[in-house]
Amino acid sequence: MKNKWKRTTSKTRKTLRFVKKKRSKGMSKKQKSPVMQDQRIQVHPPAEAPVTVEAQPRHILVPVLQHIYVDDKHRRKLMDRKKLRILVVTPFTNTMDMQMEPLITEPLRILVQEVVVLKTYEQVPTVLSQMNPDLLLIICQEEPMSDELLITIQQTSVKTALWNVGDHFVVDSIRHMVPYFDVVFTQNIMNIPIYQHLGCKNAVYLPLTADRTMYSPKITNKPFQSDLLLIGDYYPYRQEHLDTIQQISELKKIFVLGEDWEANERIILIEKDQDLQAYYNGANIIVNWKSIQQQVFEAAACGAFQLVEENPNLSAFMLPGEDVVTFRTPQEMRDQLRLYLDQPELKRKVASKALWRSHYDYSSLHMAMRLLDGMFGI
Amino acid sequence: MKLIAFLLPQFHRIPENDLWWGDGFTEWTNTQKNKPLYAGHQQPKEPLGNYYYDLTDAAARRWQAKLAKSHGIYGFCYYHYWFKGKRLLEKPFQSVLELGEPDFPFCLSWANEPWTRRWDGGDQYVLMPQDYGDEHDWEVHFNEVLVAFLDYRYIRINNKPVFLIYRPGSIPRCEDMIRFWNELARKNGLEGIYFVRTLGGFAIPNQAGFDASVEYEPHYTFAHSDTTGLWNVIHTREDMHHVLDYDVIWHTILNRSPHRNGEQIIPGAYVNWDNTPRLGSRGQSTIGVSPDKFRRYLTRQMERAIQVYDSEFVFINAWNEWAEGTYLEPDKQNGYRYLESVKRALEDHLADTTLRHSRSEAMFLPSWKYRSNNNELRMK
């Protein structure tokens, strides 16, 4: 068109000059116009959109749209990680524990070059010397190790790590093993000083996550549905919590997963070794006193709403007020129960955030990345 | 799987709209005059073949039903406007009832909001107030819609006609009204009414009596989900204009926890969102929309309907909300692609479901019996 330039407005000419300038700096010609991209900033919803009621202060994020690019350092990090070879030992004797293996080894396989798995301690010295891996990772609960093997581990030049997957308490067999490893990964942040005292300087909190092939949102039948699911053993101090709960009339059907509770017309005890995902999916609200983070992750992966007693294990990964709600006293628990029973959308929002984050922030892949970061800084 | 699309009847003249919005006003008035606000903004939305239909025309209604049926839509959910004895925009639906055609399932959603100068039910200048009255008024209302409930085409769940209420929180004695309507239904030979509460862009109080709730998208996501990453701002010629990320909305919908007080939820889907025809740059539009993405997301939502919601229905917003940019009807830009996406999504869903069933069946058949079902395999 002959008079194309004359027909454009001065504003458009300014825009075109801006685009030309950007192009001369080496930006892709496929990028959209500056109006579409560079002038976009993220804001809170407009005034017309209804405002929801906020129960707890949440992190106010005002993200700014940024150009995302991969620099050399990051690229090297990814390439270095993919060169790694890991020898994993899973000497589980309990079939329930054996399910943990793919949860740990599968994401490692995505991240590193090679993962070799041994299921007994006996094979370790031979394979260790033949394979010469970058990392020897022992995953165990209480399975004791011979002194000969421990000395082999101590003397090897290979990096060694012990991931204790059952350490709510530190048992004697583990106490004996800890000093021989470079790094100990623990399920309980409060055990870190114990491990350090035992001689392992590098103790890292790394909880197991939910197995999303087992724990996911599902339809549940009536026998598994409840108004409230309590998780935790009975202690005298929790009687006040229970009294508070029983005053809330909407909580008619209460399941309890834990020891030493007494059943009554409202409280039903769940036997051990049950299909917990059905109870998580069937619960309107879960109150969790236990500090076992994996259990919190499992309920989150089912899209369940949880009130969790405050504990140090929680905040390392979760955001109280966003994907979980915490309480300290029976009164706080009561107030939160009341609030979220009256505001089902708010409850659903928190549960949805937990479900989202179980995919994108605290999945088994994220934990595997943390493990590698803890061992190698990559 | 049954896909139900919301249908807006505001495509014919009524005296009230002529008075309030100008002579000849229909939904097409705003859509036709709209202009793009920024580069890439797809406005005005124009129906394919310039088919600016009038819904009082039986041919238009037949065309809609035929098109919907041929692309796998199970039925329409007509918006029903009842203002304590006064109906608006009722002619198209009344004609459907009286003429007995098109032969296509339907149900009703009571759009119980006052009509105001603002299109979103705000109360700045009320053109038509929304009142609810008491038992006498409720009975008048019930008798008005009973003819529809008794029609063989009316969509039922558990053998009860489905009736949606858009804003139940606005009804002062909603639980009493629901109980009363159920009694009236039984007196008139029905087993009751299947009441469905709409989960939309407003506060939703706890109210008993509803059999299910339906997620009305994208409003439910706007109001009740984590909106981080949802909203952006574009500087237009006139103003700052809010835009939405199509994928972020759908990801939020598809990753939402299905649990809400243990109740039955019917999941929702949306085609697009752009209400700039109504509000200009004060409205919102969506970036990143495509028919193929819609197909993928709809397929996933249908899967979730079965697996986590135990629902054989998904409600789509909408069949023909042209002034809100969310419609399945063919337009000049995309032709029939959105309808084809629905059809393809249903085919994919059916194929997945059939495969899953045949696999689970094969697992439990003795091997000789399984082999005998397949002509290509020899008998063991």
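Reader: Let's begin with a strand pair in chain A: in which sense do β3 and β4 of chain A pair, and over how many bridges?

Author: Happy to! This is a predicted model. In it, strand β3 (residues 135–140) and strand β4 (residues 159–164) of chain A pair in the parallel sense, over 6 bridges.

Reader: Thanks. Which residue in β4(A) is the bridge partner of Leu136(A)?

Author: The bridge partner of Leu136(A) is Thr160(A).

Reader: And what order do the strands of the open sheet in chain A have?

Author: The order is β2-β1-β3-β4-β5-β6 (chain A), an open sheet of 6 strands with parallel pairing. At the edges stand β2 (114–118) and β6 (202–205) of chain A. Each has a single partner strand, so one side of each is left without a neighbour in the sheet. On average, neighbouring strands of this sheet are turned by 20° against each other, ignoring direction.

Reader: Nice. Which strands does α5(A) lie across?

Author: Helix α5(A) lies across β1 (85–89), β2 and β3 of chain A, and runs at about 155° to β2(A). Helix α6 (residues 124–131) of chain A also packs on the sheet, where it touches β1, β2 and β3 of chain A. The direction of α6 makes about 180° with that of β1(A).

Reader: Staying with α5(A), at what angle do its axis and that of α16(A) cross?

Author: Roughly 70°, with the axes of α5 (residues 100–111) and α16 (residues 364–376) of chain A coming within 8 Å. That makes α5(A) roughly perpendicular to α16(A). The crossing is right-handed.

Reader: Which residues meet there, between α5(A) and α16(A)?

Author: From α5(A) come Leu103(A), Pro107(A), Leu108(A), Ile110(A) and Leu111(A). They meet Ser364(A), Leu365(A), Ala368(A), Met369(A) and Leu372(A) in α16(A). The residues of this contact divide into 9 nonpolar, 1 polar and no charged.

Reader: Zooming out, what does the domain assignment of chain A give?

Author: It gives domain 1 (72–208 + 364–376) and domain 2 (222–360). Taken over C-alpha atoms, the centres of the two domains of chain A are separated by 32 Å. Domain 1 puts 8 residues into the contact and domain 2 puts in 7 residues. On the side of domain 1 that touches domain 2, the residues divide into 5 nonpolar, 3 polar and no charged.

Reader: Over to chain B, then. How do α5(B) and α6(B) cross?

Author: The axes of α5 (residues 135–150) and α6 (residues 174–187) of chain B come within 10 Å and cross at roughly 50°. These two helices are therefore oblique to each other, and their crossing is right-handed. Glu135(B), Trp138(B), Glu139(B) and Phe142(B) in α5(B) meet Met177(B), Phe180(B), Trp181(B) and Leu184(B) in α6(B). That contact divides into 6 nonpolar residues, no polar and 2 charged.

Reader: Last topic, the backbone. Where are Pro44(B) and Pro102(B), and what kind of peptide bond joins Gln43(B) and Pro44(B)?

Author: A cis peptide bond, with omega about -5°. Pro44(B) is in the loop between α2 (27–33) and α3 (58–70) of chain B. Glu101(B) and Pro102(B) are joined by a cis peptide bond too, with omega about 0°, and Pro102(B) is in the loop between α4 (91–99) and β4 (106–110) of chain B.

Reader: And what is the phi of Lys84(B)?

Author: About 50°, a positive value although Lys84(B) is not a glycine. Lys84(B) lies in the loop between β2 (73–83) and β3 (86–88) of chain B. Most residues other than glycine have a negative phi.

Key: Residues numbered from 1 in each chain as written. Chains lettered and ligands numbered in written order. Predicted model: local features only at pLDDT ≥ 70, side-chain atom pairs only at ≥ 80, totals over all residues. Axes fitted to C-alpha atoms, helices over the stretch in contact; angles between N-to-C directions. Helix = DSSP H or I, 4+ residues; strand = E, 2+ residues; numbered from the N terminus. Parallel < 35°, antiparallel > 145°, perpendicular 65-115°, else oblique. Left-handed = near helix turned anticlockwise from the far one by under 90°. Contact = placed C-beta atoms within 7 Å. Nonpolar A, V, L, I, M, F, W, Y, C, P; charged D, E, K, R; others polar. Domains from an automatic or database assignment. Pairing = 2+ DSSP bridges.
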